[in-house]
Amino acid sequence: DRACAAITPDPPADAWTTGLLAALNVLIGGLIALYTAWLTNRSARRRQAVDALRAAAQRLVQSVQAFVFTRTGATRDGPGLAALLEQISAVDAAARRVGAEQVHPNTGPTLGKLAALSAELAKPWPDPLGDQVEAHVRSIRTAASSMHGAAESLAHAVDRPWRSSRGRGGV
(Lines give C-alpha, C1' and ligand atoms only; values in the text may rest on other atoms or scores of the structure.)
Protein backbone atom coordinates (compact mmCIF):
# COMPACT_ATOMS: atom_id res chain seq x y z
CA ASP A 1 0.00 0.00 0.00
CA ARG A 2 2.81 2.40 0.86
CA ALA A 3 4.62 1.60 -2.38
CA CYS A 4 1.54 2.39 -4.40
CA ALA A 5 1.09 5.70 -2.56
CA ALA A 6 4.71 6.66 -3.23
CA ILE A 7 4.38 6.32 -7.00
CA THR A 8 0.95 7.88 -7.26
CA PRO A 9 1.25 11.42 -8.71
CA ASP A 10 0.12 14.40 -6.61
CA PRO A 11 -3.23 15.85 -7.49
CA PRO A 12 -3.08 18.93 -9.73
CA ALA A 13 -2.73 22.30 -7.97
CA ASP A 14 -5.64 24.67 -7.80
CA ALA A 15 -5.94 27.07 -10.72
CA TRP A 16 -5.66 30.14 -8.48
CA THR A 17 -2.39 28.87 -6.94
CA THR A 18 -0.85 28.32 -10.36
CA GLY A 19 -1.97 31.77 -11.50
CA LEU A 20 -0.63 33.39 -8.35
CA LEU A 21 2.79 31.78 -8.77
CA ALA A 22 2.94 32.85 -12.41
CA ALA A 23 1.99 36.43 -11.51
CA LEU A 24 4.62 36.53 -8.75
CA ASN A 25 7.28 35.29 -11.16
CA VAL A 26 6.38 37.97 -13.69
CA LEU A 27 6.31 40.67 -10.99
CA ILE A 28 9.67 39.69 -9.53
CA GLY A 29 11.24 39.47 -12.99
CA GLY A 30 9.88 42.92 -13.86
CA LEU A 31 11.24 44.43 -10.64
CA ILE A 32 14.67 42.92 -11.28
CA ALA A 33 14.67 44.31 -14.83
CA LEU A 34 13.57 47.76 -13.59
CA TYR A 35 16.29 47.83 -10.93
CA THR A 36 18.93 46.74 -13.45
CA ALA A 37 17.88 49.48 -15.88
CA TRP A 38 18.00 52.05 -13.05
CA LEU A 39 21.52 50.96 -12.05
CA THR A 40 22.71 51.08 -15.66
CA ASN A 41 21.28 54.58 -16.15
CA ARG A 42 22.79 55.82 -12.89
CA SER A 43 26.18 54.40 -13.82
CA ALA A 44 26.08 56.05 -17.25
CA ARG A 45 25.15 59.44 -15.74
CA ARG A 46 27.91 59.14 -13.16
CA ARG A 47 30.45 58.22 -15.85
CA GLN A 48 29.42 61.20 -18.00
CA ALA A 49 29.72 63.57 -15.02
CA VAL A 50 33.15 62.18 -14.13
CA ASP A 51 34.39 62.46 -17.73
CA ALA A 52 33.14 66.07 -17.89
CA LEU A 53 34.98 66.89 -14.64
CA ARG A 54 38.22 65.36 -15.87
CA ALA A 55 38.02 67.20 -19.19
CA ALA A 56 37.16 70.55 -17.57
CA ALA A 57 39.98 70.24 -15.04
CA GLN A 58 42.48 69.33 -17.76
CA ARG A 59 41.37 72.27 -19.95
CA LEU A 60 41.71 74.62 -16.97
CA VAL A 61 45.24 73.45 -16.17
CA GLN A 62 46.27 73.89 -19.81
CA SER A 63 44.73 77.36 -19.89
CA VAL A 64 46.48 78.33 -16.67
CA GLN A 65 49.79 77.26 -18.20
CA ALA A 66 49.06 79.32 -21.33
CA PHE A 67 48.01 82.28 -19.14
CA VAL A 68 51.27 82.09 -17.21
CA PHE A 69 53.28 81.93 -20.45
CA THR A 70 51.41 84.97 -21.75
CA ARG A 71 51.94 86.94 -18.53
CA THR A 72 55.65 86.12 -18.35
CA GLY A 73 56.17 87.13 -21.97
CA ALA A 74 57.02 83.66 -23.26
CA THR A 75 54.21 83.93 -25.80
CA ARG A 76 51.78 86.56 -27.01
CA ASP A 77 48.72 84.36 -27.51
CA GLY A 78 46.91 83.02 -24.49
CA PRO A 79 43.71 83.18 -22.56
CA GLY A 80 42.78 86.20 -20.51
CA LEU A 81 41.64 86.22 -16.94
CA ALA A 82 37.97 86.28 -18.02
CA ALA A 83 38.44 83.05 -20.00
CA LEU A 84 40.09 81.44 -16.98
CA LEU A 85 37.21 82.49 -14.74
CA GLU A 86 34.76 80.89 -17.20
CA GLN A 87 36.75 77.67 -17.10
CA ILE A 88 36.88 77.79 -13.30
CA SER A 89 33.09 78.06 -13.35
CA ALA A 90 32.94 75.06 -15.69
CA VAL A 91 35.11 72.96 -13.34
CA ASP A 92 33.01 74.12 -10.38
CA ALA A 93 29.80 73.10 -12.15
CA ALA A 94 31.29 69.75 -13.18
CA ALA A 95 32.47 69.01 -9.62
CA ARG A 96 29.05 69.89 -8.22
CA ARG A 97 27.40 67.67 -10.85
CA VAL A 98 29.64 64.79 -9.79
CA GLY A 99 28.77 65.52 -6.16
CA ALA A 100 25.08 65.50 -7.05
CA GLU A 101 25.39 62.11 -8.75
CA GLN A 102 27.07 60.57 -5.75
CA VAL A 103 27.72 62.33 -2.47
CA HIS A 104 31.41 61.97 -1.74
CA PRO A 105 33.71 63.53 0.88
CA ASN A 106 36.23 64.55 -1.83
CA THR A 107 33.78 67.06 -3.35
CA GLY A 108 34.45 69.72 -0.70
CA PRO A 109 38.26 69.60 -0.96
CA THR A 110 38.04 69.77 -4.76
CA LEU A 111 35.93 72.91 -4.56
CA GLY A 112 38.32 74.30 -1.94
CA LYS A 113 41.33 73.74 -4.23
CA LEU A 114 39.40 75.43 -7.03
CA ALA A 115 38.77 78.44 -4.78
CA ALA A 116 42.47 78.54 -3.89
CA LEU A 117 43.37 78.58 -7.57
CA SER A 118 40.89 81.40 -8.17
CA ALA A 119 42.44 83.35 -5.30
CA GLU A 120 45.95 82.87 -6.74
CA LEU A 121 44.82 84.05 -10.16
CA ALA A 122 43.04 87.05 -8.65
CA LYS A 123 46.18 88.29 -6.90
CA PRO A 124 47.82 91.26 -8.58
CA TRP A 125 50.65 90.33 -10.90
CA PRO A 126 54.02 91.42 -9.52
CA ASP A 127 56.33 93.87 -11.24
CA PRO A 128 57.96 92.07 -14.20
CA LEU A 129 61.34 93.50 -13.28
CA GLY A 130 61.16 92.20 -9.72
CA ASP A 131 62.14 88.77 -8.47
CA GLN A 132 58.64 87.95 -7.21
CA VAL A 133 57.36 86.89 -10.63
CA GLU A 134 58.84 83.38 -10.33
CA ALA A 135 57.32 82.91 -6.87
CA HIS A 136 53.93 84.07 -8.15
CA VAL A 137 54.14 81.76 -11.18
CA ARG A 138 55.13 78.87 -8.93
CA SER A 139 52.19 79.50 -6.58
CA ILE A 140 49.75 79.61 -9.52
CA ARG A 141 51.16 76.39 -10.99
CA THR A 142 51.09 74.70 -7.59
CA ALA A 143 47.46 75.72 -7.05
CA ALA A 144 46.53 74.50 -10.55
CA SER A 145 48.29 71.18 -10.00
CA SER A 146 46.68 70.75 -6.59
CA MET A 147 43.22 71.49 -8.04
CA HIS A 148 43.81 69.02 -10.87
CA GLY A 149 44.91 66.34 -8.40
CA ALA A 150 41.87 66.92 -6.21
CA ALA A 151 39.53 66.81 -9.22
CA GLU A 152 41.17 63.61 -10.45
CA SER A 153 40.91 62.08 -6.98
CA LEU A 154 37.21 62.94 -6.82
CA ALA A 155 36.64 61.58 -10.32
CA HIS A 156 38.45 58.34 -9.50
CA ALA A 157 36.62 57.89 -6.20
CA VAL A 158 33.20 58.39 -7.80
CA ASP A 159 34.01 56.46 -10.97
CA ARG A 160 35.31 53.47 -9.01
CA PRO A 161 33.56 53.61 -5.64
CA TRP A 162 34.38 49.98 -4.82
CA ARG A 163 38.14 50.62 -5.00
CA SER A 164 40.15 52.26 -2.27
CA SER A 165 41.59 55.69 -3.05
CA ARG A 166 44.63 55.06 -0.85
CA GLY A 167 47.90 55.34 -2.68
CA ARG A 168 46.61 57.79 -5.28
CA GLY A 169 47.68 61.37 -5.58
CA GLY A 170 45.44 64.26 -4.63
CA VAL A 171 43.17 64.68 -1.68
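Modeller: Helix H4, residues 107-122, packs against helix H5, residues 132-159, at an angle of about 160°, and their axes lie 8 Å apart. Helices here are DSSP runs of H or I with at least four residues, strands are runs of E with at least two, and both are numbered from the N terminus. The axes are lines fitted to C-alpha atoms, for helices over the stretch in contact, and angles run from 0 to 180 degrees between N-to-C directions. H4 is therefore roughly antiparallel to H5; angles over 145 degrees count as roughly antiparallel, under 35 as roughly parallel, 65 to 115 as roughly perpendicular and the rest as oblique. The crossing of H4 and H5 is left-handed, a term used if the near helix is turned anticlockwise from the far one by less than a right angle, while clockwise makes a crossing right-handed.

The model is predicted: local features need pLDDT of at least 70 and side-chain atom pairs count only at pLDDT 80 or more, while totals for chains, interfaces and linings use all residues. Residues are numbered from 1 along each chain as its sequence is written, and side-chain values use heavy atoms, with hydrogens and water left out.

On the H4 side, the residues that meet H5 are Thr107, Pro109, Thr110, Lys113, Leu114, Ala116, Leu117, Glu120 and Leu121. On the H5 side they are His136, Ser139, Ile140, Ala143, Ala144, Ser146, Met147, Ala150, Ala151 and Leu154. By class, the contact of H4 with H5 has 12 nonpolar, five polar and two charged residues. Contact means heavy atoms within 4.5 Å. Ala, Val, Leu, Ile, Met, Phe, Trp, Tyr, Cys and Pro count as nonpolar, Asp, Glu, Lys and Arg as charged, and the others, Gly among them, as polar.

Glutamate 120 belongs to helix H4. With a relative accessible area of 15%, glutamate 120 is buried; buried means under 20% relative accessible area, exposed over 50%, and partly exposed in between, using a 1.4 Å probe and protein chains only. The side chain of glutamate 120 makes a polar contact of 2.8 Å with the side chain of serine 139. A polar contact is a pair of N or O atoms within 3.5 Å; within protein, one must be able to donate a hydrogen and the other to accept it, and residues adjacent in sequence count only if both atoms are side-chain atoms. If neighbours within four places in sequence are left aside, glutamate 120 is in contact with His136, Ser139, Ile140 and Ala143.

Across the pair, alanine 150 sits in helix H5. Alanine 150 is buried, at a relative accessible area of 2%.

H2 and H4 pack at an angle of about 15°, their axes 13 Å apart, so H2 is roughly parallel to H4. The crossing of H2 and H4 is left-handed. In this contact, Leu60, Val64 and Phe67 of H2 meet Leu114, Leu117 and Leu121 of H4. The residues of the contact of H2 with H4 comprise six nonpolar, no polar and no charged.

With H5, the axis of H2 comes within 9 Å and crosses at roughly 170°. H2 and H5 are therefore roughly antiparallel to each other. Their contact divides into 16 nonpolar, four polar and six charged residues.

Phenylalanine 67 is in helix H2 and is buried, at 6% relative accessibility. Apart from neighbours within four places in sequence, phenylalanine 67 is in contact with Pro79, Gly80, Leu81, Leu84, Leu121 and Trp125. The C-alpha atoms of phenylalanine 67 and proline 79 are separated by 5.6 Å, although the residues are 12 apart along the chain. Not counting residues up to four places away in sequence, arginine 46 touches Glu101, Gln102 and Val158.

As for the chain, there are five helices and zero strands, in the pattern α-α-α-α-α along the sequence. Of its 171 residues, 28% count as buried.
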